[in-house]
Amino acid sequence: MKNFFATPLSEEDFKKKNFCFETWIGNCFYAWDCGVAIGKYLEGLKKGKIIGVKCPKCERIMVPPRIFCEWCFVLIEDFVELKDTGRINTFSISYISWDVKKLEKPQIPAVIEIDGASPGYGILHLISEVDPKEVKIGMRVKAVWKDEKEREGKITDIKYFKPY
Amino acid sequence: MKRRVCIVGIGMTPLKPLSEEVSYKEMMFEAAVKAYEDCGINPRKDVDTFVCCSEDYIEGTSIFDEYVPDQIGGALKQVHTITSDGLFGVCAAILQLLTEEFKVAVVEAHAKASNILTPEGVHMCALDPIYTRPLNVNPIFIAGLEYNSFLFNYPFTQTDCAEVVVKNKKNALKNPYAAYGANLSVEDVLNSFPVAYPLTELEVSPYADGACVIVLAREEVAKDLKKKPIYIDGFSFIQGSPNLEVRSWEYPRATEEAAKRAYKMAGISNPNKEIDFCEIDDTYSYKEIQNALALNCQDIIINPSGGSLGMGYIYEGTGLMRLIMAVLQLRGEAGSFQIKINNELPKKALVQSWRGLPTENSCVLILNRE
Amino acid sequence: MGRRVAIVGAGMTKFVRRAKETGKELAFYAAKAALDSCGAKLRDIDAVVLGSAPDTFDGVHMKGEYLSCGAGAFGKPYLRCYVGGGTGVFAVAVGWYYIASGIFDTCLVVCEEKMSSYQPHPQGAFLTIFDHTTERPLGPNLLWIFALEMQRYMQTYGIKKEEIALVAVKNKKNALDHPAAQIAAEITVEDVLNSEVLCYPVQRLDVSPVSDGACAIVMTNEYLARRFTDKPVWVSGVGWCLDTAYWTNRDLAYPRYVEEAARMAYKMAGIRDPRREIDVAEPYDPFDYKELHHLEGLMLCGRGEAPQLLVDGKTQRDGELPVCPSGGLLGVGNPIAAAGLMKVIEIFWQLRGEADKRQIAKKAKRGVAQAWGDLMQVGTVVVLEI
Amino acid sequence: MEFKVNKKREIKHHLGQLPVESLYTAGIAGEKFLLGLKEGKFLANYCSDCDFVFLPPKLYCEFCFKEIPDEDWQEVENKGILVSYTFVHVDSNGNKLENPIIVGAIKMADTDTTFIHKLLDKVEDIEIGMLVEAIFAPKERRRGSINDIVGFRKVE
């Protein structure tokens with residue numbers, strides 16, 4: 001004889017809070033050290049450049065940068081400047097935000113293979129200035145940068161990529 | 001244990017209060033490279049399984065195990081996380097090696113404690129959300145209650161506990177991997193800020209950054225590697241209760257149970273005579289005395305490395321750092337802080353760790369040079 | 001091959017959207033049900049394994065410690081293992097190494113997840129699975145990565161949305177026969193295609209729900225197994241594999257990490273030709289296309305061929321290779337780690353002929369359960385046989 | 001190993017948080033207990049197999065996994081012995097406190113557990129072994145929470 005316990009509460013119950021409960025808002029803040037590789041990457045973004053690295057052994061050119069090749073397990077010291085153009089590897093059209101709120105205007109996240117990096121090496125970013133229906137895998141795109149004065153060394157220094 | 005497992009490689013970064021020159025990945029990479037060089041293996045070819053020890057809230061990343069494989073040579077290989085102190089991770093690796101499906105295992109643990117801007121806020125989230133957290137008291141109160149109960153029920157004084165701090169910080173002065181070596185007096189300790197009476201500020205292990213990686217192998221593989229293997233004669237890990245109302249306040253009963261089992265496995269009946277030194281948990285001053293009592297090893301050298309009071313507390317890496325320090329001693333590689341027993345290198349060591357507040361658990365390893 | 005390891009008992013809670021029980025109480029219900037199912041007492045258990053996914057769901061830091069008493073770990077050796085969504089199946093691998101090591105004779109494996117604690121919506125917890133510096137500032141939603149992977153999969157092999165929707169139809173229907181199911185339903189392909197587009201090509205009915213629940217199993221060595229049951233189910237292979245964290249550097253069209261994990265498990269189980277030697281499969285299906293993707297990774301069909309198996313009805317309960325006879329995550333629910341273990345339990349019940357209305361038509365001797373997790377990165381596989 | 005790469009950088013950190021907002025149900029046993037507190041009562045329960053009384057009560061005995069039946073719930077007296085205490089001089093954000101928060105571990109009458117709560121007495125009056133009782137919040141302010149108890153005070 002199998003038993004399957006659990007006492008379901010409805011959305012209504014949760015709204016009315018007709019049960020004993022406690023709430024808590026976590027106070028969890030961090031300042032993550034960027035280190036060598038991501039530090040260089042962010043510095044590059046501030047200057048309007050996308051920086052990658054080249055493995056001395058397999059010669060793969062990778063982005064985002066890292067100081068090790070995960071396949072050869074060797075130290076990487078060779079930072080290379082990549083282009084700010086690329087092609088769409090895959091994309092989506094998102095109608096909800098990260099916390100599941102409806103978006104007025106859909107976002108188009110995509111993996112963009114960066115020109116100058118080895119084939120298949122891409123980064124996550126957004127596509128804009130395009131009708132969502134027109135977006136295709138393989139489409140060529142170019143970074144749209146924030147004004148130099150507004151750039152602060154973050155991934156958002158690239159506003160988005162747009163077809164060109 | 002009939003089949004034997006050994007520690008064949010160690011790698012670590014010196015502990016520091018800050019480590020802003022490198023990211024956590026780069027810190028892990030440095031420790032991993034050192035460990036693989038130490039035993040002369042290539043992780044891409046020679047390692048069969050990897051265990052990483054980390055907790056999401058400490059990293060500030062959910063499902064943190066995503067971010068561990070690349071920098072330790074584990075990409076597209078057998079990697080998993082044990083959310084516990086590194087010493088528990090070592091137990092997970094030993095169990096895997098004993099199945100005979102694996103020959104070489106790697107265990108990693110690290111901390112970027114300096115990256116947590118709100119360590120208390122993070123720690124609060126570990127308290128029971130219904131019975132304890134709503135009281136909104138800093139979790140250090142649990143240490144205060146334990147300490148006070150210990151002093152009340154056992155023949156030790158606060159001065160005895162302060163002496164632990166003096167000893168460990170002094171030992172740490174000789175240890176190049178330690179971040180918090182100091183020459184203090186008992187009065188300095190007793191007169192420091194009273195965090196949670198009777199516990200004072202200097203009796204709490206200060207946070208540090210650092211990464212530790214160790215390589216374990218089955219005996220038959222270990223023989224062919226670069227360094228003399230250190231054998232694991234016994235191991236045990238025991239969970240107590242997460243509920244404060246059921247917790248044992250005055251005595252670390254999980255340590256006693258873990259020790260009992262590890263001694264049995266290692267065939268040790270009189271630890272004070274048979275073990276040469278130990279590296280044990282000293283997150284708080286009184287913990288070292290409590291744990292030594294429960295381990296029944298009060299008469300031997302305790303924490304020659306300086307413990308976490310002297311070296312720094314690196315969250316899940318703390319126990320793994322204790323183990324690495326013990327391996328250095330057994331190999332005779334401890335240099336400026338090397339201990340000798342009757343002019344000879346120590347032969348047997350005990351390592352023990354605890355996961356910190358509010359948990360009740362313990363892990364014990366018995367190491368043997370022969 | 002080392003020592004043989006058996007599963008002798010299993011139990012689970014009902015999967016619900018919001019449970020009144022605490023996480024500990026859910027874990028207890030499942031653990032107790034597993035012990036009762038084979039007449040075991042807690043004192044018969046040597047060691048305990050807990051599987052649970054992100055701490056932010058339950059909202060408790062060091063959640064493994066918090067849940068330990070509900071998993072029956074007091075005074076016992078206890079570890080919490082963690083490989084994201086792959087945890088549920090991986091916990092069985094930890095149970096396997098506990099026992100195959102020869103150190104422990106019996107163990108209890110418990111998986112729990114209480115997602116409803118996270119406010120206002122559990123999906124928000126997934127923001128923080130992305131890289132804090134290079135990705136999180138873009139405000140990613142969990143569905144992004146699935147949508148990106150689904151798009152890549154569809155494009156590479158020319159797969160149609162209609163074919164993928166059939167998975168949701170099959171699994172939600174299968175779940176009608178599962179007494180613990182949260183969102184079992186009789187739906188059509190049109191219902192899926194007409195449901196709200198969340199993150200193109202992912203639509204509402206392509207997605208499994210958020211859930212609270214727990215599952216547990218009892219494992220023993222081969223000598224003790226028959227003390228607890230007449231029908232032990234053997235864990236003949238376990239496998240796991242974690243791919244690189246740089247997910248934007250990988251081709252998402254094929255889950256090579258699942259293949260690596262499967263190869264490890266098959267090798268251990270002595271399986272050479274999985275298509276012929278496996279009778280029933282429970283691949284991980286948090287999204288409908290994932291079932292197909294994982295069937296390919298498990299090498300139960302060629303790359304891009306899984307949709308045809310489905311269209312031909314071969315993966316129905318009366319088909320050649322029944323897939324997700326339980327109803328999967330899409331139908332039974334998805335309390336992350338518990339959902340993975342639910343799949344192992346389903347294979348356990350199927351092999352013992354105890355799946356009641358869900359019992360598959362063919363006589364099954366060997367089955368495989370698989371889970372997946374992290375940033376489309378980890379594969380965990382368990383092969384069971386009777 | 002040495003890094004030859006230039007470590008001098010202008011960008012050192014990336015700031016962020018783990019946004020976690022949670023709503024925790026008190027659970028099956030917890031709700032019963034907290035509703036008891038709301039009435040000013042301490043409800044405990046008893047595992048007859050382990051001969052152990054839990055306060056707060058549990059759905060199950062964590063030592064033997066017996067599901068504790070309703071008939072083994074009982075009210076216990078609002079009276080207990082202080083088994084340990086501490087004066088906490090830092091708040092939950094790590095800031096120093098001028099007036100410490102006093103926390104006690106209290107063994108309530110006829111229970112085998114230590115109940116954790118704040119103590120309301122003066123620092124100098126507190127000693128291990130003293131008899132204490134819970135002071136409840138005014139009835140209208142109670143909502144079924146551990147904070148329905150304001151704290152514990154020495155019984156004269």
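Trainee: Which residues touch the most other members of the largest nonpolar core?

Mentor: This is a predicted model, and in it that core has 397 residues. B:Ile214, B:Leu216, C:Ala30, C:Val110 and C:Val382 touch the most other members.

Trainee: What does C:Ala30 touch?

Mentor: Leaving out residues up to four places away in sequence, C:Ala30 touches C:Gly11, C:Met12, C:Thr13, C:Val110, C:Ala214, C:Cys215 and C:Ala216. To count as a contact, the C-beta atoms must lie within 7 Å.

Trainee: Why is helix H6 of chain B called largely enclosed?

Mentor: The test for a buried residue is 20 or more other C-beta atoms within 10 Å of its own. Eleven of the 14 residues of H6(B) are buried, so the rest of the structure largely encloses this helix. The buried run includes B:Ile140, B:Phe141, B:Gly144, B:Tyr147 and B:Phe150.

Trainee: What do those buried residues pack against?

Mentor: One partner is helix H12 (285–295) of chain B, and the others are strands S6 (80–90) and S7 (96–108) of chain D.

Trainee: How do you know what span to expect for H6(B)?

Mentor: You take 1.5 Å times one less than the number of residues. H6(B), residues 140–153, has 14 residues and an expected span of 20 Å. From first C-alpha to last it reaches 20 Å, so the value is close to the expected one.

Trainee: Over to the contact between chains B and C. How many residues does each chain give?

Mentor: Chain C gives 51 residues and chain B gives 46 residues. On the chain C side, the largest share, five residues, comes from S3(C). That side divides into 30 nonpolar, 14 polar and seven charged residues.

Trainee: What makes S3 of chain B and S3(C) a pair?

Mentor: Pairing takes at least two bridges between the strands. S3 of chain B (residues 79–82) and S3(C) have two bridges, so they count as paired, in the antiparallel sense. Within that pairing, B:Ile82 stands opposite C:Cys81.

Trainee: How do you know that S1(A) and S2(D) pair?

Mentor: Again, the cut-off is at least two bridges. Five bridges join S1(A) to strand S2 (residues 21–25) of chain D, so the pair qualifies, and the strands run antiparallel.

How values were computed:
Residues numbered from 1 in each chain as written. Chains lettered and ligands numbered in written order. Predicted model: local features only at pLDDT ≥ 70, side-chain atom pairs only at ≥ 80, totals over all residues. Contact = placed C-beta atoms within 7 Å. Helix = DSSP H or I, 4+ residues; strand = E, 2+ residues; numbered from the N terminus. Nonpolar A, V, L, I, M, F, W, Y, C, P; charged D, E, K, R; others polar. Buried ≥ 20, exposed ≤ 12 C-beta atoms within 10 Å, placed from the backbone. Core = buried A, V, L, I, M, F, W, Y, C linked by C-beta atoms within 7 Å.
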